[in-house]
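Please read this briefing with the sequence and the model open beside it. It moves from the whole chain to single residues, one topic at a time.

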Amino acid sequence: MGAGSREENASRREESLVLISQNQAVSSITGRTATGGMAQPTFFEQPPSSTLADIAALTKAQLVDTSRGRLQIRGLASLDEAGPMHLTFFDNLKYADQLASTKAGACLVSKRFEARVPPDVAVLRTDHPFREFVKVARKLHGEALRPQSWVGNTGIAASAVIDPTAHLEDGVIVDPLAVIGPNVAIGAGTIVGAGALIAANVRIGRDCSVGARSSIQCTLIGNNVLIHPGCSIGQDGYGFVFFGPEGHLKVPQTGRVLIQNDVEIGAGTTIDRGSLRDTVIGEGTKIDNQVQIGHNVTIGRHCLLAAQIGLAGSLTIGDNVALGAKVGINNHLHIGDGAQVTAMSAVKDDIPAGGRWGGHFAKPTRQWFREIVAVERLVRDSAADPSGEGRE
């Protein structure tokens, strides 16, 4: 309880008991639903209710029982947490048991699985249930699509430090304790989060978001770029002449980072600036949390990089490439347009355009699967052979 008078400690104890009581009351509610199917309060605004007829019109889904068109939907939820006033969706047999027991008011579902929906749940038939569910979510929760000021700030916080030579267009929001250096330029509608550091001469376009505690230097950023908290962008790349007579000799890293329009960068990601040429993140590319991008890497347009990927220096990645979580790619390789790499693969060779690779070390997935089957058969046959007993 800490030091203090007996009266102060008694007061603190009473406050603690009140908080515990409140927490117990909250934890007694199962999932997102309370009595009557109303969603628990969340950190986002409760959307206005919509009728099933409205949702059918938005999604172009077919409301199978048109008599339910006036049913009010007041929120979205998963199959297992939905109540009678929620919309949910189903598109994966893995969750068939949850569908069978769902209490949702309505469900977006394909014709293939329509018969599995409980009779008291209204059916919205569509070929793409999840895509249409997301369409509804974007309509109801537009404020969740892009980060806002964490502290409800609408201007320049008094504690922000902004160099007099920096140029901020009208409508820029700077949260407390952010630091903006000399000759920085930031476009209208951009939010700089609390504790972020923008170094000298950085350029940030319009309608961007720089997450709290992020640091950015030697970088040019386009429009509508979302950088989540804790990112480090534009720091030195890992460049050394190793094991020379003078030890490891550091190579000056004098390139930049170029981030094109509509890129999203997940929390804790690091992007090294180039040594001679620039590090480039192409338009529309989406990067997950805790990704490491080395110096001189070029990533094309509309790529998808899942969490904990490691990209060594001087890679070239084409357009529309998808890399699964924890993929590692060696330096100086080329990954062709439209290639896909399975999660937790290690890539040491170039991948042609449209290639589907996986494994350690990565190879075309058909070859990889055949090798796995062959090894499993070899182990199985060896175990079944009595003459193999005792051999090492």
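What follows begins with the chain as a whole and then takes up its sheet, a hairpin, a pocket and several loop residues.

The model described here is a predicted one. Its protein chain contains 5 helices and 39 strands, and of its 392 residues 39% count as buried. Among the contacts that link residues at least 6 apart in sequence, 22% join residues at least 24 apart.

**The parallel sheet**

- An open sheet is built from 10 strands, which follow one another in the order β8-β11-β14-β17-β20-β25-β28-β31-β34-β37, and the pairing in this sheet is parallel.
- The edges of the sheet are taken by β8 and β37 (346-347), each of which has a single partner strand, so one side of each is left without a neighbour in the sheet.
- At one end of this order, β8 pairs with strand β11 (residues 179-180) in the parallel sense over 2 bridges, and in this pairing Ile 162 has Ile 180 in β11 as its bridge partner.

**The strands around β38**

- Strand β36 (residues 340-341) pairs with β38 in the parallel sense, over 2 bridges, and the bridge partner that Gln 340 finds in β38 is Arg 356.
- With β39, in contrast, β38 pairs in the antiparallel sense, over 3 bridges, and here Gly 358 stands opposite Lys 363 in β39.
- A hairpin passes from β38 to β39 through 2 residues, and Phe 361 is found in the loop between β38 (356-359) and β39 (362-364).
- The peptide bond that joins His 360 and Phe 361 is cis, with an omega of about 5°.

**The second largest pocket**

- The volume of the second largest pocket is about 200 Å³, and 13 residues line this pocket, of which Tyr 238, His 295, Ala 312, Gly 313 and Asn 331 are the closest to its centre.
- When the residues of this lining are sorted by kind, they divide into 3 nonpolar, 9 polar and 1 charged.

**Two loop residues with a positive phi**

- Ser 314 has a positive phi of about 65°, although Ser 314 is not a glycine, and its place is in the loop between β31 (310-311) and β32 (316-317).
- Is Ser 314 buried or exposed? Its relative accessible area is 16%, which is under the cut-off of 20%, and therefore Ser 314 counts as buried.
- Lys 326 is likewise a residue other than glycine with a positive phi, in this case near 65°, and Lys 326 lies in the loop between β33 (322-323) and β34 (328-329).
- The relative accessibility of Lys 326 is 47%, so that Lys 326 counts as partly exposed.

**Asp 278, a buried loop residue**

- Asp 278 is found in the loop that runs between β25 (270-272) and β26 (279-281), and because its relative accessible area is 18%, Asp 278 is classed as buried.
- Which side chain does Asp 278 join in a polar contact of 2.8 Å? The partner is the side chain of Arg 256.
- If its neighbours within four places in sequence are left aside, Asp 278 is in contact with Gly 255, Arg 256, Leu 258, Asn 296, Val 297 and Thr 298.

**Gln 148, a partly exposed loop residue**

- Gln 148 has its place in the loop between α4 (129-140) and β8 (161-162), and with a relative accessible area of 45% Gln 148 is partly exposed.
- A polar atom of the side chain of Gln 148 lies 3.2 Å from the backbone oxygen of Arg 146.
- Apart from its neighbours within four places in sequence, Gln 148 is in contact with Glu 143 and Ile 191.
- Where Gln 148 and Ile 191 are concerned, the two residues are 43 residues apart along the chain, while their C-alpha atoms are separated by 7.3 Å.

Notes:
Residues numbered from 1 in each chain as written. Predicted model: local features only at pLDDT ≥ 70, side-chain atom pairs only at ≥ 80, totals over all residues. Heavy atoms only, no water. Helix = DSSP H or I, 4+ residues; strand = E, 2+ residues; numbered from the N terminus. Buried < 20%, exposed > 50% of the residue type's maximum accessible area, 1.4 Å probe, protein only. Contact = heavy atoms within 4.5 Å. Polar contact = N/O pair within 3.5 Å; in protein donor to acceptor, adjacent residues only side chain to side chain. 1 Å grid on protein atoms, 1.4 Å probe; cavity = no way out; pocket = protein on both sides within 12 Å on 5 of 7 lines; lining within 4 Å. Points joined across faces, edges and corners; volume = space filled by probe spheres on them. Nonpolar A, V, L, I, M, F, W, Y, C, P; charged D, E, K, R; others polar. Pairing = 2+ DSSP bridges.
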